[in-house]
Amino acid sequence: MKRYCLVFAMRSFQKTIYPLLETTTIGRGSDNSITAAHPTISRNHARVSFLEGSWVAEDLGSTNGIMFGDDRVEHLVLRPGDKFKIGEITFQFIAQEVGQEKDQALDTLEILSAVIEEEDIPPGRAKGKPWAQRLRDAIAAIPFFSGVAETERKRLADTAAIHVLNDGEIIIREGDPGRSIFIVLDGQVRIYTRDFHGKELELAVLGEGQFFGEMSFLSGKPRSSSVAAIDNCLLIELSFTNMREVVRQHPSVKNILLEYYNDRLKDSQEKRAKVGMVERRRHPRLKDGLEGNLVGFTQTTAEGESSLGSLKATSQNISESGINLVVQGPVLDAIDHDDQMSLEIELPEPWGKIRTLGAIRRIQPHPDEREVTVVALEFVNLSAEDSQKLIEYIYGEDHSGP
């Protein structure tokens, strides 16, 4: 028999391996199987499903469609090795032979060797136990899985996404959306944050068999710190959907996760306090009306054609982590909660324009004005340079604060 997967590069991940076990949706919205936060990708962009004996990629009425070579296609029957583009992300369809006598979990090493260069495999880690067994061993070794049956751990291994990273690559950034949990299969990662001046504070270093991501999983809030690879490393990513089902069936898992959550939160707060990294009081200039521009939602023209929409807006208030924008016109049907949009904000001189992605956290009609909408966005992947501009604008050029 054969097993199938998609291999792709997204954000700072060098390669991601996603097993195809059921219908898989791809898009900017958080309700997709693969969430790709990029303005060239529609909220619900494409679907990959098994139809009449073949895996098929289908466009879901997206703005930019599916590109196969130089052609835009609505429907693509996938063959092993095929590459197609969704927005700026290239996906490769991989097939793997698995004998009936073999373990049904993915033999990750075979897939890796087919799609990446040999030097990308961590040295000395290509031997030993089969990778499928290593996935299950890694999952079984995590404390919160101690009471989970072997069959359930096997299912998690079968559905886990595998990430291959080089030294220094960013896995998640502070402020990113996302609720999955990561397990370190090989190598190490470091967890860190930055202060208002961009100075880095290391919070922890995690090695083989350790995990991270439980804070966002439990709280639903954006990532509370950044994580980067140390040396080459392999990570397992367990999706929020699958982990939620485990927690539902095994309440003890949630209790253990809560213990780790509280211990790590306390440790993080103590380390931040030790170096004086505390929340600053807001400056009155946060309420200045700044001009902004939102790009990234799909709009339909009078001729029925779709295009990438743009909205002019004025800030209601702004902070280091996000902005509330007042938008003229009824836009409630054009954008959704958790969408990510390109955002430009005009700061006064001498700071100038900043650009970032903004994750929509709230959309509501203006309480006092008709056909006016208030959109609350959280900054995503704000560059260090633009973050510094924003800090200087909010607190003053001397950074001294009020």
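Guide: pLDDT is the predictor's confidence in each residue, on a scale from 0 to 100. The model shown here is predicted, so local features need pLDDT of at least 70 and side-chain atom pairs count only at pLDDT 80 or more, while totals for chains, interfaces and linings use all residues. Residues are numbered from 1 along each chain as its sequence is written, and side-chain values use heavy atoms, with hydrogens and water left out.

Visitor: What pLDDT does the chain average?

Guide: Of the residues, 74% score at least 70. The average over the chain is a pLDDT of 77.

Visitor: How many contacts beyond four places in sequence does the model have for residues 298–302?

Guide: Over residues 298–302, pLDDT stays under 50. A contact means heavy atoms within 4.5 Å. For this stretch, the contacts beyond four places in sequence number 13.

Visitor: How many strands has the chain?

Guide: Helices (H or I, at least four residues) and strands (E, at least two) are DSSP runs, numbered from the N terminus. The chain has seven helices, and its strands number 23.

Visitor: What percentage of the residues of the chain count as buried?

Guide: Buried means under 20% relative accessible area, exposed over 50%, and partly exposed in between (1.4 Å probe, protein chains only). Among the 402 residues of the chain, the buried share is 49%.

Visitor: Which strands stand at the edges of the open sheet?

Guide: The open sheet has five strands in the order S4-S3-S5-S6-S9, with mixed pairing; two strands pair if DSSP finds at least two bridges between them. Each edge strand has a single partner, so one of its sides is left without a neighbour in the sheet. The edge strands are S4 (34–35) and S9 (75–77).

Visitor: In which sense do strand S3 and S4 pair?

Guide: Strands of a sheet pair through backbone hydrogen bonds, either parallel or antiparallel. Ile26 stands opposite Ile34 in S4. Strand S3 (residues 24–27) and S4 are joined over two bridges, and their sense is parallel.

Visitor: Does Val77 count as buried, partly exposed or exposed, and at what relative accessibility?

Guide: Val77 lies in strand S9 and touches Ser54, Trp55, Val56 and Asp82, leaving aside residues up to four places away in sequence. Its C-alpha atom is separated by 8.8 Å from that of Glu58, 19 residues apart along the chain. Val77 counts as partly exposed, at a relative accessibility of 30%.

Visitor: Is H3 roughly parallel or roughly antiparallel to H5?

Guide: The axes of helix H3 (residues 150–159) and helix H5 (residues 240–249) come within 11 Å and cross at roughly 170 degrees. Angles under 35 degrees count as roughly parallel, over 145 as roughly antiparallel, 65 to 115 as roughly perpendicular and the rest as oblique. H3 is therefore, relative to H5, roughly antiparallel.

Visitor: Which residues of H5 make the contact with H3?

Guide: From H3, the contact is made by Glu152, Arg155, Leu156 and Thr159. The H5 residues are Asn242, Val246 and Gln249.

Visitor: At roughly what angle do the axes of H5 and helix H6 cross?

Guide: H5 and H6 are roughly perpendicular to each other. The axes of H5 and helix H6 (residues 251–274) come within 4 Å, and they cross at roughly 110 degrees.

Definitions and conventions: Axes are lines fitted to C-alpha atoms, for helices over the stretch in contact, and angles run from 0 to 180 degrees between N-to-C directions.
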